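Q: Could you walk me through some features of this model? I would like to learn how to read each one.

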Amino acid sequence: MKLLLTTKALLLLLLSVSLFACKQKNTEKMSINNEIEGRIDQLMDKMSIEEKVGQMVQYSGDSKATGPLKATPDQVEDVKNGMVGSMLNVTGAENVREMQKLAVENSRFGIPIIFALDVVHGYKTISPIPLAEACSWDLTAIEKSARIAAIEASAAGINWTFAPMVDIARDPRWGRVMEGAGEDTYYGSLVAAARVKGFQGSDLKNKTSIVACAKHFAGYGGVEAGKEYNYVDMSRRVMNDVYLPPFKAAVDAGVSTLMTSFNEFEGTLATANTYLLREKLKGEWGFNGFVVSDWNTIGEMVIHGMAENEKDAAELAITAGTDMDMATAAYRNYLVDLVKSGKVDEDLVDDAVRRILRIKFKLGLFDNPYKNCDPELEAKTLQCKEHLQASRDMARKSIVLLKNQGNILPLSSDLKKIAVVGALADSKPDMLGFWEGRGEAKDMTTILEGIKTGVSKSTKVLYADGYDLETFELSNPDRAISIAKESDAVVMVMGERWFMTGEASSRGDITIPGEQQQLLDKLLKTGKPIVVLLVNGRPLAIPEVAENAPAILETWILGSQAGYAVADVLFGKYNPSGKLTMSFPYATGQIPVYYNHRNTGRPELPTSDRWISHYLDIPNEPVFPFGFGLSYTTFEYSDLNLDKISMNMNGSIKISLSVTNTGKYDGEEVVQLYMRDMVASVVRPVKELKGFKKVKIKAGETVDVAFTLSAKDLAFYTKDMSYKAEPGEFKVFVGTNSVDCKEASFTLRD
Ligand code: NOJ
């Protein structure tokens, strides 16, 4: 009894200590916030309207323009006069110091500039493109990758990255799918939060923290026909169900900025969209950071025909809640006038400026404007050993094994001769990819280099380019065939060039470009064991490769350590565990094809006749579905069990199962949980991801895996647009990808 009391007392004590600590932390946070708000008040009281508007202006250094470079006013003069809030594309500790000095030492209040860059998958050490990283299903590794990017960028003067891109993307023609996490809203939201935390770290004041920017707000992933900068037409329901949740997740994770998108929503451009910016983001979600326009989206309102001139465009943008103008200079040129003439309320400007200054204060730039301007630290940090090692690890995790007929893989590193065919195998820029930060092609490891270092001393590696890297036409295919014939295994590297994905890189036909397929067909005829390595930034339509190549590894664009990572997987040093986060279509005409589509009244069933939703010439199913990826070992799922068959709105249900590693290698499996709401007030998707667990399982061992679902996991925008779960029957599916699942069901009661 005495012991019990003591334990209870101890627990109470612990609880009150932790509550006290928590309270203390919150109070500290509040007083910091109050202090910051107080400092902003004091500053803004003294600022002229011109100086306030200056904070809302962002200019670009000239290095990476992603739109028209307008005839801008003298930027240096503007910086000196305190008329520039932010610069993008100015990098390097020295350069940043120089420009910061101009602002701090010349302007009336010495307000520091915030320096921005697209640090999308690394600054100097390049990690895999975000779509590839997402295929790791390893949120800790994804967060770490963003952390490393932040450590390097911050050492080189950068305070702000335009990442993560959290646009849901269901159309692989769109080149920007390489920047995001893929087609799924639930998973995309988790990745968004992980990347925000990685960039921003635990406190923006820290030297290695940089401000993250969730983009592009919103709906950009829905560009019609996958064509870059195209219009978007979607319902408010789809916007809320599919496209907005990753932004909300980023906001909940503390993201400090958002960027608007090029497209319109409900007929109004995102940069002038009051529903998105004021109602959802700054209203319902309580976002207190700031919003930057995308490149010249304010100016482009004129071209869209939404504003007569840039002055009107500026009025529309500030009214809707765009706080900073990237690269148009419309705010700079017209906002003061708009306020003075009474067309724009000064309170709107004050709110925008307060938001911008708040982030600068949080970064600690007012206390030390040169906090990221130490060239010695920069030299030590960029591409340090630890970062390169982490990049290699992330790259291995991002690779997806798509086929392994007859267990061709892993290859023995002891073979006598290996033929490597395909010019992409020997190309450094194609390992770097789009949005390269300040990474340089010369620092990338090619696949050929990786293979050469991965084999034993006695193994001979023969290489033939096989096709021309510019035209993708065959180039001396006979040599490729002859080295294949004399080798014990053939590695054929094929896919896309680095510039075929990224911004302004949509493709109307996403098959393998040029004559690469012909080369593969010739190689297949040699009868040698052939492994296809795909290099690409988007899902490709490759039914023939999938059908005929015995082994396929999707290696994406893997960054600095690409070659080593590929070799690790090829020769079995690392057992692949990646799973696709975007479906691979059968043909371009099947797009958009994604696993969580809604049902039709005439779905295709095993017993179906002609009058169903289908194509006459191609299947309905993608070649490789969402969640798909193999391992060198095999996994068996058994004993799917629900702890109850019904639950009420406050309850929860436990779903458990066993997974056995039935193969010869230790491995990792991403166990996926999907759900379907069988009857609802609006048509619901046929499947929705609701959870996953990445588990390590030793050869021969079994692990138990469990998930819990409660009503909040079943919620959606109902007929009247309220967000809640509706009672009724639900199916759950647990499996190794979105198609191969075991099923059970339960009922949700009112
Ligand atoms: C335009 C792109 O859409 C955006 O993602 C990028 O951050 C800006 N350019 C700045 O480079």
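This is a predicted model: local features need pLDDT of at least 70, side-chain atom pairs count only at pLDDT 80 or more; totals for chains, interfaces and linings use all residues.

Q: Where is Ala-464, and which residues is Ala-464 in contact with?
A: Ala-464 belongs to strand E13, which covers residues 460-464. Setting aside neighbours within four places in sequence, the contacts of Ala-464 are Val-420, Val-421, Gly-422, Arg-479, Ala-480 and Ile-483.

Q: Next, a helix pair. At what angle do helix H18 and helix H22 pack?
A: Angles under 35 degrees count as roughly parallel, and 65 to 115 as roughly perpendicular. Helix H18 (residues 447-454) and helix H22 (residues 562-570) meet at about 50 degrees, and their axes are 7 Å apart. That angle is why H18 is described as oblique to H22. The crossing of H18 past H22 is right-handed.

Q: Which residues make the contact between H18 and H22?
A: From H18 come Ile-447, Gly-450, Ile-451, Thr-453 and Gly-454, while H22 supplies Gly-563, Tyr-564, Val-566, Ala-567 and Leu-570. Sorted by class, this contact of H18 with H22 holds six nonpolar and four polar residues, with no charged ones.

Q: What does the side chain of Asn-536 make a polar contact with?
A: One partner is the side chain of Glu-554, at 3.1 Å. A polar atom of the Asn-536 side chain is also 2.6 Å from the backbone oxygen of Arg-538. Beyond four places in sequence, Asn-536 touches Ile-129, Glu-496, Glu-554, Trp-556, Ile-557 and Phe-584.

Q: Where is Thr-322, and which backbone oxygen lies 2.7 Å from a polar atom of its side chain?
A: Thr-322 sits in the loop between helix H12 (310-320) and strand E10 (325-326). The backbone oxygen is that of Thr-271. Thr-322 has a relative accessible area of 0%, and is therefore buried. Among the residues Thr-322 touches are Thr-260, Leu-277, Val-291 and Tyr-331.

Q: Which residues of helix H11 are buried?
A: In H11 (residues 297-304), the buried ones are Thr-297, Ile-298, Gly-299, Glu-300 and Met-301. They pack against strand E6 (257-260), strand E8 (268-269), H12, E10 and helix H13 (330-340). Just past H11, Gly-305 has a positive phi of about 85 degrees.

Q: Last one: what is omega near for the cis peptide bond from Ala-163 to Pro-164?
A: For that cis bond, omega is near 5 degrees. Pro-164 is in the loop between strand E4 (160-161) and helix H7 (185-200). The bond from Ile-591 to Pro-592 is cis too, with omega near 0 degrees, and Pro-592 lies in the loop between H22 and strand E17 (635-642).

How values were computed: Residues are numbered from 1 along each chain as its sequence is written. Side-chain values use heavy atoms; hydrogens and water are left out. Axes are lines fitted to C-alpha atoms, for helices over the stretch in contact, and angles run from 0 to 180 degrees between N-to-C directions. Helices (H or I, at least four residues) and strands (E, at least two) are DSSP runs, numbered from the N terminus. Angles under 35 degrees count as roughly parallel, over 145 as roughly antiparallel, 65 to 115 as roughly perpendicular and the rest as oblique. A crossing is left-handed if the near helix is turned anticlockwise from the far one by less than a right angle, and right-handed if clockwise. Contact means heavy atoms within 4.5 Å. Ala, Val, Leu, Ile, Met, Phe, Trp, Tyr, Cys and Pro count as nonpolar, Asp, Glu, Lys and Arg as charged, and the others, Gly among them, as polar. A polar contact is a pair of N or O atoms within 3.5 Å; within protein, one must be able to donate a hydrogen and the other to accept it, and residues adjacent in sequence count only if both atoms are side-chain atoms. Buried means under 20% relative accessible area, exposed over 50%, partly exposed in between (1.4 Å probe, protein chains only).
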